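These are my notebook entries on one structure. I looked up a few points in turn and wrote down what I found.

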Amino acid sequence: MITQEQFDTEVKMIISNAIREDVGDGDHSSLACIPENARGKAKLLVKDKGVIGGVNFAKKVFAYVDKRLKLDVLIEDGTEVTYGDIVMYVEGPSQSILKAERTVLNAMQRMSAIATKTRMFVNLIEGTKTRILDTRKTTPGIRVLEKWAVKIGGGENHRFALYDMIMLKDNHIDFAGGITKAIDTTKEYLRETGKNLDIMVEARDLIEVEEILKSEGVYRILLDNFDYEDTRKAVELIGNKCLTESSGNINETTIRHYAECGVNYISCGALTHSVHNMDLSLKAVK
């Protein structure tokens, strides 16, 4: 994953771009009817149930819009919430509260949905040694928020992007001329560039697992679309030589079975690409 400094930079860019996109040359609805010196208070209300995510992101948005805004946070990230819960109060210049409102809600609704789904998957494999991973199947431009939400829900982050891990998938292998050749040329590339990146290789069947194991220096083997029986066989074959990961159409019905096969990780794109946003609203307090 990326460094904390890179993470913070990504978040700052998301906030500045979101406010640019939403506010433009001014929130004319507020400017037209609310005095510049008017002060107000609003509550962030939950109208759903699940795991709240994005509280700390909201703090950054409000601070970016107007440092005079004061927050009273009642519920922190990762907490289970239900209809009627109040996550926080925000108080200060009324125009600034309204300027930040939509960016805060859009992000928190999405992040809460991802955190909720992740928590469900984590709970489904409780008691096994397997950990839940996200993927790169994220919304363009807000990947850092979606991966942040996975962490809030109790999952772990896979690589952040194409630049922070070597992942040799089926297309890389086929274009390179085979598994061994792909691994060998990758090692040479890393030597030549001086980059220190983990190498992960996808296997489509047990024969490919055996071929991968002939090469030294593979960090993790991805068992893609394996059934339960072959997953158990692959885990036994691999042993402690490297880490294992299952992926491919794994859902709430099948995830426990794959975890019980003994894999170290299960990656699931559905954590970020197939969620229903949590219903949240920001309401003025009179």
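Predicted model: local features only at pLDDT ≥ 70, side-chain atom pairs only at ≥ 80, totals over all residues.

**Entry 1: the faces of the helix.** Which residues of H7 are buried? I listed Ile179, Ala182, Ile183, Thr186, Lys187 and Leu190. Looking down the axis of H7, I saw that these buried residues fall within an arc of 130°, so they line one face of the helix. I recalled a general point here: an α-helix has 3.6 residues a turn, so residues three or four places apart point the same way. On the other side of H7, I recorded Arg191 and Glu192 as exposed.

**Entry 2: what covers the buried face.** I then looked up what lies over the buried residues of H7. The cover includes strand S7 (166-168) and helix H6 (170-176), and also strand S8 (199-203) and helix H8 (206-212).

**Entry 3: positive phi values.** I checked the residue that follows H7, which is Gly194. Its phi is positive, near 75°. I next turned to residues other than glycine. Asn225 has a positive phi near 60°, and I located Asn225 in the loop between strand S9 (220-224) and helix H9 (228-238). Is Asn225 buried, partly exposed or exposed? Its relative accessibility is 48%, so I count Asn225 as partly exposed; the exposed class begins over 50%. Asn249 also has a positive phi, near 55°. I placed Asn249 in the loop between strand S10 (243-247) and helix H10 (255-259). With a relative accessibility of 71%, Asn249 counts as exposed.

**Entry 4: cysteines.** How many disulfides does a search of the whole structure find? My search of the whole structure returned zero. For my own reference, a disulfide is a covalent bond between the sulfur atoms of two cysteines. Cys33, in contrast, is exposed, with a relative accessible area of 61%.

Terms used: Residues numbered from 1 in each chain as written. Heavy atoms only, no water. Buried < 20%, exposed > 50% of the residue type's maximum accessible area, 1.4 Å probe, protein only. Helix = DSSP H or I, 4+ residues; strand = E, 2+ residues; numbered from the N terminus. Arc of directions from axis to C-beta. Contact = heavy atoms within 4.5 Å. Disulfide = S-S within 2.5 Å.
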